[in-house]
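Subject: Structure for you to look at, with notes on pockets and aromatic contacts

Dear colleague,

I am handing over the structure below, together with some notes on its pockets and its aromatic contacts. Please read the notes with the structure open beside them.

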Amino acid sequence: MVSIILPTLGRTEQCKKCIERIYETMKGFLCEVIVITEDKETQKALKGMCTLIEEGGTAVEKWNRGYAESIGSWVLLGADDLWFDMNWYKVFLNSKNKGFVGFNDLANYTGNATHFMMSKDFINQVLDGQFIYPEYKAWYFDLEICHRARKAGRYLYLEDCIVEHRHWNWNKAKKDKTYKLGESRINLDKKLYEKRSKALGTN
């Protein structure tokens, strides 16, 4: 079973469509969708659709809060601007993975997946039991996770496992308030990543 953890803010209809698409692609398979948001409109719209955690915080705080409630043996780093291909989960099931699977997000792949799934065994064995290291706010943690997975010999990128990232960086969305809020934290996370990666010997 996979737990899909999805923080959101100010994107009620987009988030709802994302969840509907997840269920469409997961028909016949077990999954849970965990949404974390302080947005009252979104909370009201999503009642009964998913496991709903009515809390705020940074993106990383929300992902970690969702992880704490998850019951799946696999956990997916979700977002409300992802669009899942109909066959993504079947591709994953047919893979020879070692607990980490990076998605093809149809963007600019540079050797490290932006979104991925991890088994809880992998998280415990490679990431010190941390879904996302809480020192981060919203950025660069994905690079550290990918580097750790690769260093452990467990990184797997599946080109045919398509989960499109419809981000404004690739002209697939408008730059709304939520994106702007996330960008305000990028410099701090970059400095943190550079410091941590140097210590780990992953840069």
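A pocket here is an open set of grid points, on a 1 Å grid over the protein atoms alone, with protein on both sides within 12 Å along at least five of seven lines, and its volume is the space filled by probe spheres set on those points. Please keep in mind throughout that this is a predicted model.

Pockets

With that definition, the largest pocket holds about 990 Å³ of space. Its lining is made up of 42 residues, and those nearest the centre of the pocket are Trp-63, Ala-138, Trp-139, His-165 and His-167. Three helices, α3 (59-69), α6 (141-151) and α7 (177-183), each contribute at least two residues to this lining, and α7 provides the largest share, with five residues.

Eleven residues line the second largest pocket, and Gln-14, Asp-80, Asp-81, Trp-83 and Arg-166 are the closest to its centre. Both α1 (12-25) and β5 (82-84) supply at least two residues of that lining, with the largest share, three residues, coming from α1. The lining of the second largest pocket divides into five nonpolar residues, one polar residue and five charged residues.

Aromatic contacts

The count of aromatic pairs in the model comes to 13. In one of them, the ring centres of Phe-84 and Trp-88 are 5.2 Å apart and the ring planes meet at 55°, so this pair is classed as tilted. Phe-84 counts as buried because its relative accessibility is 1%, and Trp-88 is likewise buried, with a relative accessible area of 0%. Trp-88 also pairs with Phe-103, this time edge-to-face, at 5.8 Å centre to centre and with 85° between the planes. Since Trp-88 belongs to helix α4 (residues 88-93) and Phe-103 to strand β6 (residues 100-104), the pair ties together parts that are 15 residues apart in sequence. Trp-88 and Phe-103 are both buried. Ring pairs join Phe-29, Trp-74, Phe-84, Trp-88, Tyr-89, Phe-92 and Phe-103 into a cluster.

Two arginines are also placed over tyrosine rings: the charged end of Arg-150 sits over the ring of Tyr-155, 4.2 Å from the ring centre, while Arg-196 lies over the face of Tyr-133, at 4.7 Å from the centre of that ring.

With best regards

Technical notes
Residues numbered from 1 in each chain as written. Predicted model: local features only at pLDDT ≥ 70, side-chain atom pairs only at ≥ 80, totals over all residues. Heavy atoms only, no water. 1 Å grid on protein atoms, 1.4 Å probe; cavity = no way out; pocket = protein on both sides within 12 Å on 5 of 7 lines; lining within 4 Å. Helix = DSSP H or I, 4+ residues; strand = E, 2+ residues; numbered from the N terminus. Nonpolar A, V, L, I, M, F, W, Y, C, P; charged D, E, K, R; others polar. Phe/Tyr/Trp six-rings, centres within 6.5 Å; stacked < 30°, edge-to-face > 60°. Buried < 20%, exposed > 50% of the residue type's maximum accessible area, 1.4 Å probe, protein only. Lys NZ or Arg CZ within 6 Å of the ring centre and 35° of its normal.
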